Amino acid sequence: MTRINRIAVSEKPLFITIIIAVIITGTLTITSLRHTGVTNPTSILCTFINSQSQLQPQTQLKQISTADVIIYYATTRSTAQLTFSEIKLTADIIQTLTPCNLLVFGISHESLMWSSLNPRGTTLFLENDVTLIHKFLTDAPSLRVHHVTYSTQLSEADYLLSSYKKSPRCLPPHVFLKGNTWCKLALSKLPEDVYSREWDVIIIDGPKGYYGEAPGRMGAIFSAAVMARNREKAGDTHVFVHDVNRKVEKEYAQEFLCRNYLVNEENNLWYFKIPRGGRDSVTFC
């Protein structure tokens, strides 16, 4: 297990940083009042220890405070990858659901913010870039991050999309994730920490998907759809996909998360609200 954080390009990064800090400060104040002053749960730092991606958990008693968040955004050299309207759309949903189970593919400038908006819930990040993990954990060690690997490459996206229906283990109602090595789109070897929970909110802003050898977000989008449709507890799964201006993100989101479940969009961010799948359903959409 490992940890980290990310955010997108802004014409006025300092201005955006100040706005984010103000939003977070107000959010944490409201949240603390709402929950009668309960403090954040103990965070766990997981340190990457070898090239085989085995992780050694370590207990860390430090909690994410308002001061930590403000100091981080006031001093970080990274710049925002999401626009203000994209951030607000996502933050508004998290605030309505917190405390919740929040799963984020990719770590970025926004990571500490996502975690701070869900103080009494579980926020978990999945990242395949070890260098990036260490970089962000140096500045934000309180984040919960797992190092993961992907078996796909972006160059395979068209083939995987056109051929997945040939594999019964890729199709409803029998599709599953854990141990599903028959379906290449299924993320079958994620940490047990991922499979042991049902996720209320899933943000897909990773892994990298802008060059042929990159993992691409095909598996992340497919697996988010499987998690949503296989949900057992009541309620919908809220899924955000960033960079839908790119061909793969757009096509895979439409195929597996479904246009009829798309409820909002801001710039290059799509927001889906996905109900549980029926046991007799044979399609994703």
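User: How many helices and strands does the secondary structure of the protein come to?
Analyst: The model considered here is a predicted one. Its chain holds 285 residues. Its secondary structure comes to 9 helices and 9 strands.

User: What percentage of the residues in the protein is buried?
Analyst: A residue counts as buried when its relative accessible area is under 20%. Of the 285 residues in the protein, the buried ones make up 54%.

User: Among contacts between residues at least 6 apart in sequence, what percentage joins residues at least 24 apart?
Analyst: The contacts in question are those in the protein between residues at least 6 apart in sequence. The share of these that joins residues at least 24 apart is 72%.

User: Are helices α8 and α9 roughly parallel or roughly antiparallel to each other?
Analyst: Two packed helices are described by the angle between their axes and the distance between the axes. For α8 (residues 218-229) and α9 (residues 247-258), the axes come within 9 Å and cross at roughly 20°. Angles under 35 degrees count as roughly parallel. The two helices α8 and α9 are therefore roughly parallel.

User: Is the crossing of α8 and α9 left-handed or right-handed, and which residues of α9 make the contact?
Analyst: The crossing of α8 and α9 is right-handed. On the α8 side, the contact is made by M218, I221, F222 and A225. On the α9 side, the residues are V248, E249, Y252, A253, F256 and L257.

User: How many nonpolar, polar and charged residues does the contact of α8 with α9 have?
Analyst: Among the residues in this contact are I221 of α8 and E249 of α9. By class, the contact of α8 with α9 has 9 nonpolar, no polar and 1 charged residues.

User: With which residue does E249 form a salt bridge, and how far apart are the closest N and O atoms?
Analyst: E249 is one of the α9 residues in contact with α8. Its relative accessibility is 1%, so E249 counts as buried. The salt-bridge partner of E249 is R246, and the closest N and O atoms are apart by 2.7 Å.

User: Which residues are joined with E249 into one network of salt bridges?
Analyst: E249 forms a salt bridge with R246. Salt bridges that share partners join E249 into one network with D205, R217, D243 and R246.

User: What is the phi of D243, and where does D243 lie?
Analyst: Most residues other than glycine have a negative phi. D243 is not a glycine, yet its phi is positive, at about 70°. D243 counts as buried because its relative accessibility is 10%. Its place is the loop between β7 and α9.

User: Is C258 buried or exposed?
Analyst: C258 is found in helix α9. It has a positive phi of about 80° although it is not a glycine. Its relative accessibility is 0%, so C258 counts as buried.

User: How many salt bridges does a search of the whole structure find, and with which residue does D129 form one?
Analyst: A search of the whole structure finds 15 salt bridges. In one of them, the closest N and O atoms are 3.6 Å apart, and D129 pairs with K208. This pair links distant parts of the chain, since D129 is in the loop between β4 and α5 and K208 in the loop between β6 and α8.

User: How many residues apart are D200 and K233?
Analyst: The side chains of D200 and K233 meet in a salt bridge of 3.4 Å, N to O. D200 is in the loop between α7 and β6, and K233 is in the loop between α8 and β7. At 11% relative accessibility D200 counts as buried, whereas K233 is partly exposed at 36%.

User: How far apart in space are H174 and S281, C-alpha to C-alpha?
Analyst: H174 lies in the loop between α6 and α7. At 57% relative accessibility, H174 counts as exposed. H174 and S281 are 107 residues apart in sequence, and their C-alpha to C-alpha distance is 9.7 Å.

Conventions. Residues numbered from 1 in each chain as written. Heavy atoms only, no water. Axes fitted to C-alpha atoms, helices over the stretch in contact; angles between N-to-C directions. Helix = DSSP H or I, 4+ residues; strand = E, 2+ residues; numbered from the N terminus. Parallel < 35°, antiparallel > 145°, perpendicular 65-115°, else oblique. Left-handed = near helix turned anticlockwise from the far one by under 90°. Contact = heavy atoms within 4.5 Å. Nonpolar A, V, L, I, M, F, W, Y, C, P; charged D, E, K, R; others polar. Salt bridge = Lys/Arg side-chain N within 4 Å of Asp/Glu carboxyl O. Buried < 20%, exposed > 50% of the residue type's maximum accessible area, 1.4 Å probe, protein only.
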